[in-house]
Amino acid sequence: MADTAISVEGVHKTYGGRKAKDEKAKDKKKALDGLDLRVARGTVHGVLGPNGAGKTTLVRILSTLLRPDSGRVEVAGYDVVADARAVRFRIGLLGQHAALDEELGGRQNLELFARLHHLGARRARVRADELLERFDLVDTGRKPVRAYSGGMRRRLDLAASLVTDPEILFLDEPTTGL
Ligand SMILES: Nc1ncnc2c1ncn2[C@@H]1O[C@H](COP(=O)(O)OP(=O)(O)OP(=O)(O)O)[C@@H](O)[C@H]1O
Ligand SMILES: [Mg+2]
């Protein structure tokens, strides 16, 4: 459906289930147990639940980092397993934990993300400038990320998730440290 951004039907995910032969393996953990979800385009959808409820697991499945054991998941009209590449072109992701290069500066991190998303060198520089400005990081753009404070890191991480101006943006606990 054209007005559907995310469609999840009967999704199951168990950790440690495949390799562990023993059905009652100690490390086996059912994280998602038949989840259904539909999110319309142009909306903001929040997922709430206690620690360990499976929120990050869901975000990782929606962003193609993890495969569901069963069920059907479509993001931007594409199947996350069969068409993972098409999904990746259309999404942005802010993970629960920062995905930044510690040794590079803020600006270099943003340019790196842009280049990995196939933006040309010039366009990548312009985009990095725009985002540093927007997230009030211009003054710290040259500092290596290891010298950033927690909140500065989070802002840079958020900026990186917006490098491509994605159709759909996944934010896992985006306000942590802000
Ligand atoms: N890589 C993994 N291997 C084994 N078990 C895992 C793994 N990742 C998550 N789990 C387990 O799956 C369940 C769901 O975890 P998940 O990280 O999805 O929860 P969450 O809702 O994001 O929690 P939080 O609010 O603490 O971030 C938990 O019981 C967790 O211990
Ligand atoms: Mg989580």
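Guide: The part to look at is an open sheet, in which four strands stand in the order E2-E1-E3-E4 with antiparallel pairing. E2 and E4 are the edge strands, each with a single partner, so one side of each has no neighbour in the sheet. Strands of a sheet pair through backbone hydrogen bonds, either parallel or antiparallel. Here two strands count as paired if DSSP finds at least two bridges between them. Helices (H or I, at least four residues) and strands (E, at least two) are DSSP runs, numbered from the N terminus.

A note on the source: this is a predicted model, in which local features need pLDDT of at least 70 and side-chain atom pairs count only at pLDDT 80 or more, while totals for chains, interfaces and linings use all residues. Residues are numbered from 1 along each chain as its sequence is written, chains are lettered from A and ligands numbered from 1 in the order in which they are written, and side-chain values use heavy atoms, with hydrogens and water left out.

Within the sheet, E1 runs antiparallel to strand E3 (residues 70–75), and five bridges join the two. Opposite Ser7 stands Glu74 in E3. E3 also runs antiparallel to strand E4 (residues 78–79), through two bridges. There Glu74 has Asp79 as its bridge partner in E4, and Val75 is bridged to Tyr78. E3 and E4 form a hairpin with two residues between the strands, where Ala76 takes a positive phi near 55°. In a regular strand the side chains alternate between the two faces of the sheet.

The sheet belongs to a chain of five helices and six strands. Read from the N terminus, the elements go β-β-α-β-β-α-β-α-α-α-β. The C-alpha atoms fill a box of roughly 55 × 40 × 25 Å along the principal axes. Of the 178 residues, 38% are buried; buried means under 20% relative accessible area, exposed over 50%, and partly exposed in between (1.4 Å probe, protein chains only).

A pocket is an open set of points on a 1 Å grid over the protein atoms alone, where a 1.4 Å probe fits and protein lies on both sides within 12 Å along at least five of seven lines; lining residues have an atom within 4 Å of a point. The largest pocket holds about 730 Å³ of space, a volume filled by probe spheres set on the points, which are joined across faces, edges and corners. Its lining has 25 residues, and closest to the centre are His45, Gly46, Leu169, Phe170 and Leu171. By class, 16 of the lining residues are nonpolar, four polar and five charged. Ala, Val, Leu, Ile, Met, Phe, Trp, Tyr, Cys and Pro count as nonpolar, Asp, Glu, Lys and Arg as charged, and the others, Gly among them, as polar. Domain 1 (4–89) and domain 2 (106–171) each give at least three residues to this lining; the bounds come from an automatic or database domain assignment.

Thr56 (OG1) and Gln96 (OE1) coordinate the magnesium ion (ligand 2) at 2.0 to 2.2 Å. Thr56 is in helix H1 (residues 55–62), while Gln96, 40 residues apart from it, is in the loop between strand E5 (91–94) and helix H3 (106–116). Donors are N, O and S atoms within 2.8 Å of the metal (3.2 Å for Na, K and Ca), and sites may look incomplete because water is not among the atoms. Thr56 is partly exposed at 26% relative accessibility, and Gln96 is partly exposed at 33%.

Asp165, in the loop between H5 and E6, has a phi of about 55° although it is not a glycine, and is exposed at 61% relative accessibility. Glu173, in the segment after E6, also has a positive phi of about 55° without being a glycine; at 34%, Glu173 is partly exposed.
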